[in-house]
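The sequence and coordinates are shown first, and the description follows.

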Amino acid sequence: MKEEQESEIRVLIVDDERLARVNLRGLLDEHPYVRVVGEARNIAEARRVLDATQVDLIFLDIQMPGGSGFDLVETLEHRPHVVLVTAHDHYVTRASASQALDFLLKPVDPDRLGESLQKALSYREDRSVC
């Protein structure tokens, strides 16, 4: 049980589109070590969740009303890993420069999602060894 808790990834989904959140949650439910601890429709809601809940990984839409995913990433003091998720591939260069863990295009491919989760687990294990 302790080993399961250590490998658990606590996830926040941030996307202004309800259907996108539902679809991503459904894909994440296929991974037993992932626990979705919150959802947010915009940057303000995401900040509230982050203030109240421990999060290891954020799946973050880039283009939202009231502020972009980049706006949130740039202002986080203690930043969990971030996977940027968008339907717009022209953000790839900026996403790479943002130090995000990964970048996913919508609709999210289940195999690519698995790769992102494995990256998150790898980085987490690397930090625990240090």
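How many helices and how many strands does the protein have?

## Overall architecture

The protein has six helices and five strands, where helices (H or I, at least four residues) and strands (E, at least two) are DSSP runs numbered from the N terminus. The model is predicted: local features require pLDDT of at least 70 and side-chain atom pairs count only at pLDDT 80 or more, whereas totals for chains, interfaces and linings use all residues. Residues are numbered from 1 along each chain as its sequence is written, and side-chain values use heavy atoms, with hydrogens and water left out.

Along the sequence, the elements follow the pattern α-β-α-β-α-β-α-β-α-β-α. Of the 130 residues, 46% count as buried; buried denotes under 20% relative accessible area, exposed over 50%, and partly exposed the range in between (1.4 Å probe, protein chains only). Among contacts between residues at least 6 apart in sequence, 58% join residues at least 24 apart, a contact being heavy atoms within 4.5 Å.

## Strand pairing

Strands S1 and S2 run parallel and are joined by six bridges; two strands pair if DSSP finds at least two bridges between them. Valine 11 stands opposite valine 36 in S2.

Together, S1, H2 and S2 make a right-handed β-α-β unit. A crossover is right-handed if, with the strands pointing away from the viewer, the path from the first strand over the helix to the second runs clockwise.

## Nonpolar cores

In soluble globular proteins, nonpolar side chains tend to be buried together. The largest nonpolar core comprises 20 residues, of which Leu12, Val14, Leu50, Ile58, Leu60, Leu72 and Leu84 touch the most other members. A nonpolar core is a set of buried Ala, Val, Leu, Ile, Met, Phe, Trp, Tyr and Cys residues joined through side-chain atoms within 4.5 Å. At least two residues of this core come from each of S1, helix H3 (43-52), strand S3 (57-61), helix H4 (69-75) and strand S4 (81-86). The greatest share is that of H3, with four residues.

Leaving aside neighbours within four places in sequence, leucine 72 is in contact with Ile43, Ala46, Arg47, Leu50 and Leu60. A second, separate core of 19 residues includes Leu28, Val34, Phe59 and Leu101.

Aspartate 15 is found in the loop between strand S1 (9-14) and helix H2 (18-28). Aspartate 15 counts as buried because its relative accessibility is 5%. Its side chain reaches the backbone nitrogen of glutamate 17 at 2.8 Å. Beyond neighbours within four places in sequence, aspartate 15 is in contact with Ala20, Arg21, Ala40, Arg41, Asp61, Met64 and Lys106.

## Salt bridges

A search of the whole structure finds nine salt bridges, each defined as a side-chain nitrogen of Lys or Arg within 4 Å of a carboxyl oxygen of Asp or Glu. One of them joins arginine 35 to glutamate 8, with the closest N and O atoms 3.3 Å apart. Arginine 35 lies in strand S2 (residues 34-40) and glutamate 8 in the loop between helix H1 (2-7) and S1, so the pair ties together parts that are 27 residues apart in sequence. Arginine 35 is partly exposed at 39% relative accessibility, as is glutamate 8 at 22%.

Arginine 21 and glutamate 39 also meet in a salt bridge (3.3 Å, N to O). This pair links distant parts of the chain, with arginine 21 in helix H2 and glutamate 39 in strand S2, 18 residues apart. Arginine 21 is buried at 8% relative accessibility, whereas glutamate 39 is partly exposed at 30%. In the bridge between glutamate 45 and arginine 41 (2.5 Å, N to O), glutamate 45 is buried at 15% and arginine 41 is partly exposed at 47%. Asp102, Arg112, Glu115 and Lys119 are linked in a network of salt bridges.

## Serine 116 in helix H6

Serine 116 is placed in helix H6 (residues 110-129). Is serine 116 buried or exposed? With a relative accessible area of 0%, serine 116 is buried.

Apart from neighbours within four places in sequence, serine 116 is in contact with Val83, Leu101, Asp102 and Leu104. Serine 116 and phenylalanine 59 are 57 residues apart in sequence and 9.9 Å apart in space, C-alpha to C-alpha.

Methods:
A polar contact is a pair of N or O atoms within 3.5 Å; within protein, one must be able to donate a hydrogen and the other to accept it, and residues adjacent in sequence count only if both atoms are side-chain atoms.
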